[in-house]
Amino acid sequence: MLFSLLQPIRIQWTLPLQPPKPYLTAVDDDVCLAPSVCGVDSEGKEFNSAQEMWIEEIGEEGDEAKKTQWYRDGVSYWEGVEASVDGVLGGYGHVNDADIIGSEVFLKTLLQERLVNGGTNQHLVALDCGSGVGRITKNLLIRYFNEVDLVEPVAQFLDAARENLASTGSETHKAANFLCVPLQEFTPADQRYDVIWVQWCIGHLTDDDFVSFFNRAKGCLKPGGFFVVKENLAKQGFVLDKEDRSITRSDPYFKQLFRRCGLHLYQTKDQKGLPKELFAVKMYALTVDTPPKIHKTRSKTRSNRPQIIK
């Protein structure tokens, strides 16, 4: 499900032209005390920890009915949104170009570093998670991958994606599979993917389902394959959207979850060129294997310098 560009990125929770509510831009430093992760919801309520928020939203462990309702409400929200680029980006369709340019620069570097010969002369396959209307596949992934699978829980978005991609690509670069499944229930095919792209959608998953998804997906990467997670960042703790049932996490919050998934942070990059009223956006490249360590050597000049005799 698209955490969309304006559901994922937006700071304001009402009409786009209204000024952002100040409590949604950040959480005051004196509210959060380590090691707690604290935040606010879109109605201004403050939480002392993420655990406190999750208990309120999905109940104590084992309350499947309340958890199911969380996901049902999220899908229902997006079913009421127009199946277009401007719709899924919350009226901010004009940020599409800047988003794609930033993603492409990041992706090209990763392909060169991670895949043999940069993936040249290989059959490359990508998975577009929370694909929405196929915006990222059409504008980016289909140009670098021979096959792209799209997974999206909102049927009308996936239908639009199928239509949008019908005349895009070629026999050797195409959208292969359209899967109408929510991420919390989705298990990718074993060792099928070189890249699993997760953008503006993971905020709809609870922390436990976030970890479970990546644990399932790790075995679906080919050797050298990697995840790209591109999401909005809260300045501190988290911001809960009560309307579409999503959570915008902070950088430390994301890194805490990545560690729980057993993933290694390979590279990060900040997205540039977005309107100032929107959340900051960050790209994370994550691997299953441990990135090689760079061993620093002392300069010969320094090491050969005469030492003081004491």
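**Salt bridges and buried residues in a predicted model**

Colleague: Which residue meets Arg-135 in a salt bridge?

Modeller: This is a predicted model, in which local features need pLDDT of at least 70 and side-chain atom pairs count only at pLDDT 80 or more, while totals for chains, interfaces and linings use all residues. Residues are numbered from 1 along each chain as its sequence is written, and side-chain values use heavy atoms, with hydrogens and water left out. A salt bridge is a side-chain nitrogen of Lys or Arg within 4 Å of a carboxyl oxygen of Asp or Glu, and the side chain of Arg-135 meets such a partner at 2.8 Å, N to O. This pair links distant parts of the chain, since Arg-135 is in helix H5 (residues 135-144) and its partner, 36 residues away, is in helix H4 (residues 96-114): the partner is Asp-99.

Colleague: Is Asp-99 buried or exposed?

Modeller: Buried means under 20% relative accessible area, exposed over 50%, and partly exposed in between (1.4 Å probe, protein chains only). Arg-135 has a relative accessible area of 6% and is therefore buried. For Asp-99 the relative accessibility is 0%, so Asp-99 counts as buried.

Colleague: How many residues apart in sequence are the parts that Glu-57 and Lys-242 tie together?

Modeller: Helices (H or I, at least four residues) and strands (E, at least two) are DSSP runs, numbered from the N terminus. The side chains of Glu-57 and Lys-242 form a salt bridge at 2.8 Å, N to O. Because Glu-57 lies in helix H1, whereas Lys-242 is in the loop between strand S8 (238-241) and strand S9 (246-249), the pair ties together parts whose separation in sequence is 185 residues.

Colleague: Why does Glu-57 count as buried?

Modeller: The place to look is helix H1, where Glu-57 lies. Glu-57 counts as buried because its relative accessibility is 7%.

Colleague: Where does Glu-147, the partner of Arg-192 in a salt bridge, lie?

Modeller: The closest N and O atoms of Arg-192 and Glu-147 are 3.0 Å apart. Arg-192 lies in the loop between strand S5 (174-179) and strand S6 (193-199), so the pair ties together parts that are 45 residues apart in sequence, and Glu-147 itself is in strand S4 (residues 147-151).

Colleague: How many salt bridges does a search of the whole structure find?

Modeller: Those described above include the pair of Arg-135 and Asp-99 and the pair of Arg-192 and Glu-147. A search of the whole structure gives a total of 17.

Colleague: How far apart in space are the C-alpha atoms of Leu-286 and His-264?

Modeller: Leu-286 belongs to strand S11 (residues 280-287) and is buried, with a relative accessible area of 0%. Although Leu-286 and His-264 are 22 residues apart in sequence, their separation in space, C-alpha to C-alpha, is 5.4 Å.

Colleague: What distance separates the C-alpha atoms of Cys-201 and Asn-232?

Modeller: Cys-201 is found in the loop between S6 and helix H7 (207-218), where its relative accessible area of 2% makes Cys-201 buried. Cys-201 and Asn-232 are 31 residues apart along the chain, and their C-alpha atoms are separated by 10.0 Å.
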